[in-house]
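The sequence and the model come first.

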Amino acid sequence: MAEETTAGETYTVGVDFGTLSGRAVVVRVRDGAELASAEHAYPHAVLDRTLPDGTRLPPDWALQVPSDYLDVLRTAVPEALARAGVRPEQVIGVGTDFTACTVLPTLDDGTPLCDLPGLVDRPHAYVKLWRHHAAQGQADRINALAAELKEPWLERYGGKISSEWEFAKALQVLEEDPEIYRRTERWLEAADWIVWRLCGTYVRNACTAGYKGQYQNGLYPSREYLAALNPDFADFVTGKLEHPIGQLGECAGRLTAEAAAWTGLPEGIAVCVGNVDAHVTAPAAAVEPGQMVAIMGTSTCHVMSSDQYGTVPGMCGVVDGGILPGAWGYEAGQSGVGDIFAWFVRTGFPAEYAAKAEALGQNAHEYLTGLAAGQRVGEHGLIALDWHSGNRSVLVDHDLSGVVVGQTLSTRPEDVYRALLEATAFGTRTIIDAFEAAEVPVRELIIAGGLTKNALLMQIYADVTRRPLSIIGSTQGPALGAAMHAAVAAGAYPGIRAAAGAMGKVHRRVHLPDLGRAAAYDRLYAEYRLLHDYFGRGANDVMHRLRRIRAEASA
C-alpha cells in the first residue's frame, strides 16, 4: 500500500486495458496518490496464429477475446481495492482507457459476434486488436481514393490513414466475410464497449472518433465516398458506426448493479466516457503546449497538445480538443517498440546467456541491457530499422518490415539488442523532426510507460533526440490518467486541467543528453534516415514483394 487511507478521503479507480493485460489503480482524488494496483493477464492473450478452437489465422492478424476484458473487472479491480484498504463507499468514480484502434463487431445490444453460436470459428467475428495489420490493402485504397477525390479530412491525418483504424478494418470484414459484416449491427471501439458494460449506456468517445474514425468538424467521410470504395460500404457510418459522442471527462452513466457485483465498487458511482491509453495519460504528465508525451510499452504513442495547427506528414491525426479542451491534440506513433525487444529475447537470447543471467538473478532484458551499456556509441557497427510491426509514423505502412545492417560473424546478441534500442530512438527523432518541419514545435519530451525503468534506453533517447527527458511520476500512467478523468466525471474537479494540477506528477529533466554521444548518434541517425527513405519511400520495394511472396506461400 503506497499511502495510508483516511476516513474522509475520496478515491477513484482507473482501469488500463493494455495489449496483454489489464491494470487497475486506486487513486486519491485530493492529490493523485496511488494507493494500490493489481494486474490481470488476458487468458487468451493475443490471437495471432489460431482462434481458441484451433482455426488457423493468416499472417498479420491480431485478435482478442472480449470476455478477457470483463475478467479484468472481476479480478484486478477488487484486488486493487482490497490492497488499498479503501472502503467501497469512498470510491466516487471509475475511468477506463484502452488500446486503439481495437474494435469489435456486435449486435445492437452490444453482444460480441464471437459469442454467438456458430461463429466461434469465424475470425472476423472477434475483436481486432490495434496491431491487426491485415487490412493494409484496404487502407491503401482508402488513401488513394481520398487523395484522388481531395477528401478534406485526409489532411488532418497527415495524408494517410492507417490499416489499424476503424474504416480499414471494417472494409476488410465486408470484403472477406460479408455475412459477418451483414450481421454486425454496431462497429464498436473496445474503449466504448467496456464503458457500456460498466454503465449500461453506449457513448462513443470523442478521442477514438476523431483519431481512429476520421470524425472531423462534426462529420465522418461521406456516403458517396464510401460507396466509391465499395457500394456495399455506403451505409457503414449511418448503419453501424454513427452514435452520439461523449467528450473526455464527461460522465457516461452510472455503475450498474451487475458491474458493481463484478468490481466490488458501489452501484451508481460515475463511469467516465472512454479514452485511449496514450491520450488519457497526457494530462497526468503535460498540459502545456509543446510538451510531447511518449507512452512507451509494446508500442509507443506520441501525443502532444499545441496552440498551433499544422499538417504533419505521417501523423496519426490532429483533433481539436482531442487531448485537452481548447487545444489541438496531435498523435503520432511507432507500432513496435517493446514488442521488438521482446521478439529479440524470444528468438536471439542464447542458452549460455540465459544461464549467466540466471546466476546473476537477472532477466534477459536486464542482462542484455547491462552488456549493451558497456559499449561506446557505434561500437557494434550496426544500424537497424524498427519496422518489425510495420511503420505507423511517418510512413504509415504496415507492410514494411525490420532490418539490421552490418552484422558479421563477430556480432553478439547484445550488439543487436542495443541496435534495436537505438533504432526505436531514431524512429522517435524522425517523428519529432516531422513536427518541427511542419512548424509545430516540440519543446519538451516526457516519457511514460513500462520502458521508463530501462535507464540505458532512456539515456539513448535523450542523446539521440538531443532533448532532456522528463519522466511521469507514475508507473501506471494510463490508469492514473483514467482515474483523473473519473474524478472530473464525478464532479470532484471542474475540468481535466484542474485535475491535472492536483493529481498529475512529473519528474523533470531526469535524463540529460550528453553532447559527445549526441554528436556520435547524429552520424548514425543520418545512416538510419538513408535506409528509412530507401526502403520506405519506394526506392526499393523489396519489403512489399516479400510480403506478397509470403502471402502466396501461406495460402
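Which residues in H13 meet Pro413, Glu414, Tyr417 and Arg418 in H14? They are His365, Leu368, Thr369, Leu371, Ala372 and Ala373, where contact means heavy atoms within 4.5 Å. Ala, Val, Leu, Ile, Met, Phe, Trp, Tyr, Cys and Pro count as nonpolar, Asp, Glu, Lys and Arg as charged, and the others, Gly among them, as polar.

The model is predicted: local features need pLDDT of at least 70, side-chain atom pairs count only at pLDDT 80 or more, and totals for chains, interfaces and linings use all residues. Residues are numbered from 1 along each chain as its sequence is written, and side-chain values use heavy atoms, with hydrogens and water left out.

**Helix packing**

Two packed helices are described by the angle between their axes and the distance between the axes. Helices (H or I, at least four residues) and strands (E, at least two) are DSSP runs, numbered from the N terminus. Axes are lines fitted to C-alpha atoms, for helices over the stretch in contact, and angles run from 0 to 180 degrees between N-to-C directions.

| Helix pair | Axis distance | Angle |
|---|---|---|
| H13 (residues 364–373) and H14 (residues 413–437) | within 9 Å | roughly 90 degrees |
| H15 (residues 455–465) and H18 (residues 515–536) | 7 Å | about 70 degrees |

H15 is roughly perpendicular to H18, a label given to angles of 65 to 115 degrees; under 35 degrees is roughly parallel, over 145 roughly antiparallel and the rest oblique. On the H15 side the contact is made by Gln459, Ile460, Asp463 and Val464, and on the H18 side by Arg517, Ala518 and Tyr521. These residues divide into 4 nonpolar, 1 polar and 2 charged. H13 and H14 are likewise roughly perpendicular to each other.

**Buried helices and nonpolar cores**

Buried means under 20% relative accessible area, exposed over 50%, and partly exposed in between (1.4 Å probe, protein chains only). In helix H10 (residues 277–285), 9 of the 9 residues are buried, including Asp277 and His279. Helix H5 (residues 190–199) has 9 of its 10 residues buried, so it is largely enclosed by the rest of the structure. Among the buried residues of H5 are Asp192, Trp193 and Trp196. Just after H5, glycine 200 takes a positive phi of about 80 degrees.

A nonpolar core is a set of buried Ala, Val, Leu, Ile, Met, Phe, Trp, Tyr and Cys residues joined through side-chain atoms within 4.5 Å. The largest holds 66 residues, of which Met296, Phe341 and Phe435 touch the most other members. H14 gives the most to this core, with 12 residues. Leaving aside residues up to four places away in sequence, phenylalanine 435 touches Met292, Met304, Val312, Tyr330, Ala332, Val440 and Val442. Another core lies apart from the largest one and has 45 residues, among them Ala24, Leu35, Val86 and Ile194.

**Cysteines and arginine 83**

The structure holds 0 disulfides, a disulfide being a pair of cysteine sulfur atoms within 2.5 Å. For cysteine 207, the nearest cysteine sulfur is that of cysteine 301, 8.7 Å away. Cysteine 207 is buried, with a relative accessible area of 0%. For cysteine 251, the nearest is that of cysteine 199, at 7.5 Å; cysteine 251 is partly exposed, at 33% relative accessible area.

Arginine 83 is in helix H1 (residues 67–84) and is partly exposed, with a relative accessible area of 46%. Its C-alpha atom is separated by 33 Å from that of threonine 111, 28 residues apart along the chain.
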